[in-house]
Amino acid sequence: MMYEFKVSEMAEEFGVHRNTIRNWINAGTLPAKEGPGRKYLMEFHEYERLCKKFGREPHLHSVDNVSHRTRETLAEIDVEPLSISGGKSILPEDPSWADECLTCGTCASACPISGVDGLDPRKIVRMTVLGMDKELIESSWPWKCTLCAKCEESCPANIQITSLMRKIRGVRDRARVPEPIHKSVTMCLERGNNLGIPKEDFVVLCEDLGEELAADECPGFKTPVDVHGARVLITVNSKAVFGEPDSLKWWWKIFWAAGESWTLSSEYWEGVNWGLLSGDDEAMQTVVGRIVDNMKRLNCRVLLLPE
Amino acid sequence: MNRWYPEALREFKIVTLFDLLLEYLDEGKIQLDKSIHAVATGYHDPCNYGRKSLKEFGQAYFEEGRAVIRACCDDVRELNPNRNGAYCCGAGAGAWAMPYSNERVYHGRIKARQIAESGAELIVTPCQTCRDQIMKSLVHEFDLGIEVKYILELVADSLILGGK
């Protein structure tokens, strides 16, 4: 917020001569700029600082609700001015984006986290067009973004902002992918599910849950594991197995009520493919391939995907 | 799947939970008791089943989830904006698991406001991550005082199991 003043008014307010104010301005002690109509402009917090120095109450208070202290903190975390390398970016799906993006900022107003870290979708697209790959890959913003596609939906030029964001995630060095995601992807590749739950534990858990369900609500229920020729194969979210095993029973109960022929696979049952999130197509393909193999092995006709 | 294993798609069918639930409902294979959830119920559109599915596969699941909820509850409310214009819960694309929880909650403020404005006492969503974000985070951070259920949980809890 800017504060506008006349030299004479300010001289009177602080009890000094008009020339003193002018000297302060010329010397830079008072960071003000000449404005229209023989008036001067300065940042409002500079005015407040001056008042503090003279032990005076400001005769005006800033109209927004941001306190002086907050504003100082904000000024401190202002992002560094960005420098442009002139290099060509490897990130855009289409080189014509440079012309197609209208820089209108509709994406930025649609995005719920615009302003976080001083960035928003419009700036990300601009940075891409300007070849600032290094800054983009370093930035945590594409990881804070939930790839919700609100920006893309609003874009009048149909820039593929979400796939750009995923690509930025994908080109980051794998060792620097945020820990939980990276760990899940490697765990899934090595051990068959995102949390590395062993096959025996999974099977025993499923059987126990099945017995519980049979005792409580669904007489005769038995968890079908690796049933060849079942109609439906379902996948499971490892997070549910680990943290909320009872939630597995929701589907089971519905299947039981509907008289469905279905099965779980004892191996490669993970239904959450985090290669999608880390931008790792290769890992994603491997995990999908395992489910395809399961379908063939168990000779099922319908595959149910969780999300 | 379409991209890497096109031949597999000819051998078997891929369905979403909506396809199966609606199949059971249409064919009368399951019966539901609406009196169990006699409260104002709001439906949250997950990005992945809606907007992003539409972009990726040319098909969005907007009405299917609502049809399932209407089979379980009488008073179904909308969060505005919804469907293709819906706001993300804030936890998508790994944000639920990532270390940026302040940003995740900040993102969710819009969803929390929509929920409060809708007057719903129960929010149902067909996405496990959305459910986690709303139930385990937003409800507490924004004092929403509502119940949250995954769509399968809603159906499983409404089932009439008698006679089997």
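Student: Which strands of chain B does helix 6 (residues 128–141) lie across?
Tutor: Helix 6 of chain B lies across strand 4 and strand 5 of chain B, and runs at about 165 degrees to strand 5. Helices (H or I, at least four residues) and strands (E, at least two) are DSSP runs, numbered from the N terminus. Axes are lines fitted to C-alpha atoms, for helices over the stretch in contact, and angles run from 0 to 180 degrees between N-to-C directions. Contact here means that the C-beta atoms of two residues, placed from the backbone, lie within 7 Å.

Student: Before we go on, what kind of model is this?
Tutor: This is a predicted model, in which local features need pLDDT of at least 70 and side-chain atom pairs count only at pLDDT 80 or more, while totals for chains, interfaces and linings use all residues. Residues are numbered from 1 along each chain as its sequence is written, and chains are lettered from A and ligands numbered from 1 in the order in which they are written.

Student: OK, the sheet in chain B. What is the strand order?
Tutor: The order is 3-2-4-5, in an open sheet of 4 strands with parallel pairing. Two strands pair if DSSP finds at least two bridges between them. Strand 3 (76–78) and strand 5 are the edge strands, each pairing on one side only. Neighbouring strands are turned by 30 degrees against each other on average, direction ignored.

Student: Switching to chain A. How many strands are in its open sheet?
Tutor: That sheet has 3 strands in the order 1-3-2, with antiparallel pairing. Strand 1 (2–5) and strand 2 (32–34) stand at the edges with a single partner strand each, so one side of each has no neighbour in the sheet.

Student: Which residues stand opposite each other there?
Tutor: Y3(A) stands opposite M42(A) in strand 3, and E34(A) stands opposite Y40(A) in strand 3. M42(A) is also the bridge partner of A32(A). Strand 1 and strand 3 of chain A are joined by 4 bridges, and strand 2 and strand 3 (residues 40–43) by 3.

Student: What happens between strand 2 and strand 3?
Tutor: The two form a hairpin with 5 residues between the strands, where G37(A) takes a positive phi near 65 degrees. Helix 3 (residues 44–53) of chain A lies across strand 1 and strand 3, at about 85 degrees to strand 3.

Student: Now helix 17 of chain A. Which residues are buried?
Tutor: A283(A), V287(A), I291(A), N294(A) and M295(A) are buried in helix 17. Seen down the axis, the buried residues fall within an arc of 130 degrees, so they line one face of helix 17. The arc is that of the directions from the helix axis to the C-beta atoms. The face turned away from the buried side carries the exposed residues E282(A) and K296(A).

Student: What comes after helix 17?
Tutor: N299(A) follows, with a positive phi near 55 degrees.

Student: Last topic: how many residues of chain B are in contact with chain A?
Tutor: 44 residues of chain B are in contact with 42 residues of chain A. On the chain B side, strand 1 (13–15), helix 2 (17–26), helix 3 (51–57), helix 5 (101–118) and helix 7 (151–158) each supply at least two residues.

Definitions and conventions
A residue is buried if 20 or more other C-beta atoms lie within 10 Å of its own, exposed if 12 or fewer, and partly exposed in between; C-beta atoms are placed from the backbone.
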